[in-house]
Amino acid sequence: MTILKGRAITSCRACSGALSIPFCDLGAQPVANSYVAMEERDRPDPVFPLNVRVCERCKLAQLDHVVDAGAIFSDYAYLSSVSAGWLAHARAFSETMIQRLGLDAESFVVEVASNDGYLLRNFVAAGIPCLGIEPAANVAAIAVAAGIPTETRFFGREAAAAILRERNRAPDLIIANNVLAHVPDVEDFVAGLSLLAGDHGIVSIEAPHLVRLVENVQFDTIYHEHYAYWSLLAAERVLNRHGLAIVDVERLPTHGGSLRLFARRAESSLHPSPMLEAIRAEEAAAGLDSPSFYDGFEPRVRAVLDAFRTYLDESRAAGRKVAAYGAAAKGNTFLNAVGATADDIALVADANPLKQGRLLPGSRIPIVSPDALLAAQPDDIVILPWNIAPEIMRNLSAKGWKGRFVTAIPSLSIHENSP
C-alpha cells in the first residue's frame, strides 16, 4: 500500500510570492487517481485539502497543500493510449512537427512524461531517434514492451544533464504535453527544459488554459495530481526566468481548451507570432493580472454541484438506475465534491484494465468494463470525462445502448439517445 504524505504550501512554488488570492476550495478529498483495491474497501481514504490559491506576484494558480509526487506517480493508473481521440491528436502533432522541423534519422526527440508511448510511437515508426522520460514504472514498462525507448525517472535539471551526457547532444524537439500541471517543483522542471534545449532545441508544451477553466466552470480538473493551473501570463513568467522565450502558441480543443506553447532559448532577434500577441491581449482584457479575474468562481462551482445533487436525488426518488462512464481523475473530484456514493451511482465503466475491478476513491463506486456497464442496463449514463463525451456517446450508441446520457459541466445537460 502506498503511503501518501501531504504538506501545506505557504508561498508560490514558482516565484515565492504570497498565495493571497483565493480561487476555489473543494474541501478535503482523496487523491483522485488512488483507486481502491477490493480487499482494501473498508480502509478509509487518506484525504488532503484541495484548495487553489493564486500568487499575488506571478499569478500562478496552484494548490496550497501538495501530496508527495513520488507516491502519486510511481505507480499510475492513467494510460494515454486508451482514448482513440487522444491517439489521433498525438499522431497529428507528431506528423506536423516532423515536417515543420525536418526531423529524420539524424534527429533526436525527447518527451517528458511520455506515459505508455502513445506519442513517441509515431517518431519510432518514422525512424526518428527518441527517448521517453516517465516516472511511473508500471506505465513505462508498457512503453518499453512496445519498443519505445523509455527511462523511468522524474524530470528536472539532473535528468536533463544525464541525457546530455549520455547522448552527447541536445534534442531537436522536447515535448512536454499535459505535464506542467503535474510538477511540484516547477523551477527545477523548467530549468531542466532550458538546459536540455540548448541553443537550438524547440520546447513544445501543452497545458489546459486557465481562461477556459474559468469560462466553462471546469473545476473538476482540480485535483492533487495537478499542482498548478496555467495561463499564458504565468507560463511566460516562469519560462522567461529560466531563459526560455515563448515564440508561438496554438489554441487546442483538448481537455476543454488548451494552449500549445512553443519556446526556445531567448534571443533578442525572436519576434512573437500574431497568435501569441492575440492571447496575451485576451488575457490582459480578461484581467488575469488582477485579483478580480479570480473572484466569483466558487459560487459558480457550487451552482453546478447543487444542480447535479438535485438530479441524483430526483433520479433516486423516481427509481431510475444511474451509472457513469469514465473513471477519470476529474470525475473523482466531481463526485467527491458533490458527495456521491454507490447509492447514487451504481457503477462506473472504464476501458482502462488497470482500473477495472477497483473502487473509486472516496465515493467507493465500483469500476467495471464497458460491456459490464451495458449489461447492467442503467436508465442514465453520466459521462464524467466531458472532454471526450462525443467519443464516448458514439461508442456506446454503436454498441446498442439507447438510454439517456448526462453531463454536468459546464451545466447539467440530459441527452436523449433515441433509437
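At what angle do helix α6 and helix α8 pack, and how far apart are their axes? This is a predicted model. Select residues 186-197 for α6 and residues 232-241 for α8: the two helices pack at an angle of about 65°, and their axes are 9 Å apart. The crossing is right-handed. To see the contact, show the side chains of V186, E187 and V190 on α6, then V238, L239 and R241 on α8. Four of these contact residues are nonpolar and two are charged, with no polar ones.

On the α8 side the contact uses L232, L233 and E236; on the α9 side, L276, I279, R280 and E283. This contact has four nonpolar and three charged residues, and no polar ones.

Next, select residues 297-317, which form helix α10. This helix has 21 residues and spans 31 Å from first C-alpha to last, close to the 30 Å expected at 1.5 Å a residue. Colour its buried residues: F297, V301, V304, L305, F308, Y311, L312 and S315. They lie on the same side of α10 because they cover an arc of only 115° around the axis. Now turn to the face directed away from that buried side, where P299, E314 and A317 are exposed.

For the last stop, select G319, which follows α10 and has a positive phi, near 80°.

Note on methods: Residues are numbered from 1 along each chain as its sequence is written. This is a predicted model: local features need pLDDT of at least 70, side-chain atom pairs count only at pLDDT 80 or more; totals for chains, interfaces and linings use all residues. Side-chain values use heavy atoms; hydrogens and water are left out. Helices (H or I, at least four residues) and strands (E, at least two) are DSSP runs, numbered from the N terminus. The expected span of a helix is 1.5 Å times one less than its number of residues. Buried means under 20% relative accessible area, exposed over 50%, partly exposed in between (1.4 Å probe, protein chains only). The arc is that of the directions from the helix axis to the C-beta atoms. Axes are lines fitted to C-alpha atoms, for helices over the stretch in contact, and angles run from 0 to 180 degrees between N-to-C directions. A crossing is left-handed if the near helix is turned anticlockwise from the far one by less than a right angle, and right-handed if clockwise. Contact means heavy atoms within 4.5 Å. Ala, Val, Leu, Ile, Met, Phe, Trp, Tyr, Cys and Pro count as nonpolar, Asp, Glu, Lys and Arg as charged, and the others, Gly among them, as polar.
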